[in-house]
Amino acid sequence: MVGLVIVSHSRALAEALVVLVRQVAPKELPLAIAAGVGQGHREFGTDAVEIIEAIKSVYSPDGVLVLMDLGSAVLSAELALDLLPSEMRENIALCPAPLVEGAIAAGVQAGLGSNIKAVFWEAQKALDPKLEHLSGSMKDEVLATAPLLSSTGTEIASTIFLTLQNLHGLHARPAARLVQVATSYNVDITVTNETNGTGPVSAKSLNALVTLGGECGHQIAITARGPNASQALDALKKLVLSNFGEFSD
Amino acid sequence: MPISQDAVLDWIKNCAAVIAENCAYLIELDLAIGDADHGANMERGFNAILQKFPEMTGKDIGSIFKAIGMTLVSTVGGAAGPLYGTFFLQAGMKMAGKQEMSLEDWSIALEAATNGVVLRGKAEPGDKTMLDALLPAVEALKDALRSGYGIREALAESTEAARQGMEATIPLIARKGRASYLGERSSGHQDPGATSSYLLLKAAADTWVDL
């Protein structure tokens with residue numbers, strides 16, 4: 001089972017988060033914290049040596065996912081990784097997911113026996129439910145620029161929400177146009193039908209898009225993840241807003 | 001005259017004293033553009049190092065630097081922990097087994113230490129960080145060596161470069177660390193990390209001035 005390590009400046013925050021995670025994960029889930037410094041860990045801060053010990057305490061060949069709050073917690077975790085033997089390092093992932101949401105998503109997934117890639121992926125998507133739920137009360141402009149991941153490098157995910165206005169929705173020809181535009185960008189793009197709850201499916205597969213059953217009036221969410229995510233989304237937004245170039249509608 | 005193990009330990013003892021003297025000042029700088037704990041964090045770290053002196057006495061300079069690095073990592077708490085920790089760990093790797101350092105050795109150690117900070121923190125010159133004091137100090141020391149300066153002049157040049165770099169952080173807008181959350185409001189304040197770096201390098205120059 002993949003082990004989890006929670007790294008936080010605050011001991012209290014980390015301990016409370018463990019309680020939350022334990023509510024959704026089986027007791028076999030290996031879970032450790034590295035949080036706080038000084039006497040009784042009462043000062044805010046992180047310690048790479050404590051992180052190393054936490055990782056070792058939950059380590060198995062299934063690997064360890066490390067979640068951090070911010071700033072120096074990330075630096076300390078990276079230093080910890082540098083100080084661990086390379087055989088262990090291969091099986092340890094520092095995950096840029098948000099701490100609370102990510103820990104809970106990771107706890108559930110790891111508890112199901114998933115491999116570390118799946119646990120990492122689920123943690124990364126952990127903001128999706130909140131974003132989706134609040135999307136009705138958020139203005140379109142804010143939604144269009146809401147990043148789902150805080151950047152530690154090039155991986156920024158953004159989601160836009162659009163309504164299908166063309167008469168035939170996401171049937172074969174519009175779907176083919178979407179695939180055409182999507183495949184011209186070297187980014188991960190998925191589409192979800194928010195109205196009937198299908199997806200996410202790859203925006204680069206015609207067959208997959210058609211399974212969404214997108215009708216006129218349905219709301220779809222397009223998520224792009226990668227260095228040119230915003231350009232891809234702009235192009236796709238233009239396509240949908242132009243009714244996929246279907247003038248007869 | 002080379003820098004002996006005892007001279008290195010003297011430097012560190014002086015660092016602890018300088019940090020303690022400037023603790024409130026470093027906190028004040030960090031209050032303006034950070035989370036107000038840089039002075040306290042550094043003091044905690046250097047006090048812990050002082051406790052390690054019995055273990056460090058008699059060890060080679062590389063081991064001394066490594067012990068300092070690991071102590072800072074575990075006790076400082078904020079970003080200065082992994083950053084100064086990496087600084088000393090990298091210096092330690094270069095000075096492994098050495099019982100004394102020449103001026104050239106110190107230049108090599110300082111450069112390796114600073115490169116470690118670059119790789120760890122991923123900051124660039126002008127981001128308003130400790131690197132804005134360290135990078136000029138490294139270059140000035142290398143220039144001084146190339147020009148054939150003795151230890152006193154070389155360290156004076158290096159320290160002066162660090163001081164100017166530290167003061168040059170005042171108008172900068174922070175792009176790393178807590179200060180970066182303040183954006184333009186971080187301008188007009190001297191960076192606490194650049195300040196502590198300058199203080200540590202000045203302590204080295206003051207300690208080794210008569211070598």
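User: Where in chain B does Lys122(B) lie?
Analyst: In this predicted model, phi of Lys122(B) is near 60°, a positive value in a residue other than glycine. Most residues other than glycine have a negative phi. As for its place, Lys122(B) lies in the loop between H7 and helix H8 (131-146) of chain B.

User: Are H6(B) and H7(B) roughly parallel or oblique to each other?
Analyst: Helix H6 (residues 80-94) and helix H7 (residues 103-121) of chain B have axes 7 Å apart and pack at an angle of about 140°. An angle must be over 145 degrees to count as roughly antiparallel and under 35 to count as roughly parallel. H6(B) and H7(B) are therefore oblique.

User: How many nonpolar residues are in the contact of H6(B) with H7(B)?
Analyst: H6(B) passes H7(B) in a right-handed crossing. From H6(B) the residues that meet H7(B) include Leu83(B), Phe87(B) and Lys94(B), and among those of H7(B) are Ile108(B), Val117(B) and Arg120(B). By class, the contact of H6(B) with H7(B) has two charged residues, five polar and, as the number asked for, 10 nonpolar.

User: How are H5(A) and H6(A) oriented to each other?
Analyst: The axes of helix H5 (residues 99-111) and helix H6 (residues 116-124) of chain A come within 8 Å and cross at roughly 150°. Angles over 145 degrees count as roughly antiparallel. H5(A) and H6(A) are therefore roughly antiparallel.

User: Which residues in H6(A) meet H5(A)?
Analyst: The crossing of H5(A) past H6(A) is right-handed. The contact divides into six nonpolar, two polar and one charged residues. H5(A) brings Gly102(A), Ala105(A), Ala106(A), Gln109(A) and Ala110(A), and these meet, in H6(A), Ala118(A), Val119(A), Glu122(A) and Ala123(A).

User: Which element gives the most to the lining of the second largest pocket?
Analyst: The second largest pocket holds about 330 Å³ of space. Of its 17 lining residues, Asp128(A), Glu132(A), Thr192(A), Pro200(A) and Thr223(A) are the closest to the centre. Strands S5 (157-163), S6 (188-193), S7 (198-202) and S8 (219-225) of chain A and helix H7 (128-134) of chain A each supply at least two residues of the lining. The most, four residues, comes from H7(A).

User: How many residues of the lining of the second largest pocket are charged?
Analyst: The lining of the second largest pocket has seven nonpolar residues and five polar ones. The number of charged residues is five.

User: Is the peptide bond from Gly199(A) to Pro200(A) cis or trans?
Analyst: Pro200(A) is placed in strand S7 of chain A, and is one of the residues closest to the centre of the second largest pocket. Most peptide bonds are trans. The bond from Gly199(A) to Pro200(A) has omega near 5° and is cis.

Notes. Residues are numbered from 1 along each chain as its sequence is written. Chains are lettered from A and ligands numbered from 1 in the order in which they are written. This is a predicted model: local features need pLDDT of at least 70, side-chain atom pairs count only at pLDDT 80 or more; totals for chains, interfaces and linings use all residues. Side-chain values use heavy atoms; hydrogens and water are left out. On a 1 Å grid over the protein atoms alone, a cavity is a set of points where a 1.4 Å probe fits but cannot get out, and a pocket is an open set with protein on both sides within 12 Å along at least five of seven lines; lining residues have an atom within 4 Å of a point. Grid points are joined across faces, edges and corners, and a volume is the space filled by probe spheres set on the points. Ala, Val, Leu, Ile, Met, Phe, Trp, Tyr, Cys and Pro count as nonpolar, Asp, Glu, Lys and Arg as charged, and the others, Gly among them, as polar. Axes are lines fitted to C-alpha atoms, for helices over the stretch in contact, and angles run from 0 to 180 degrees between N-to-C directions. Angles under 35 degrees count as roughly parallel, over 145 as roughly antiparallel, 65 to 115 as roughly perpendicular and the rest as oblique. A crossing is left-handed if the near helix is turned anticlockwise from the far one by less than a right angle, and right-handed if clockwise. Contact means heavy atoms within 4.5 Å.
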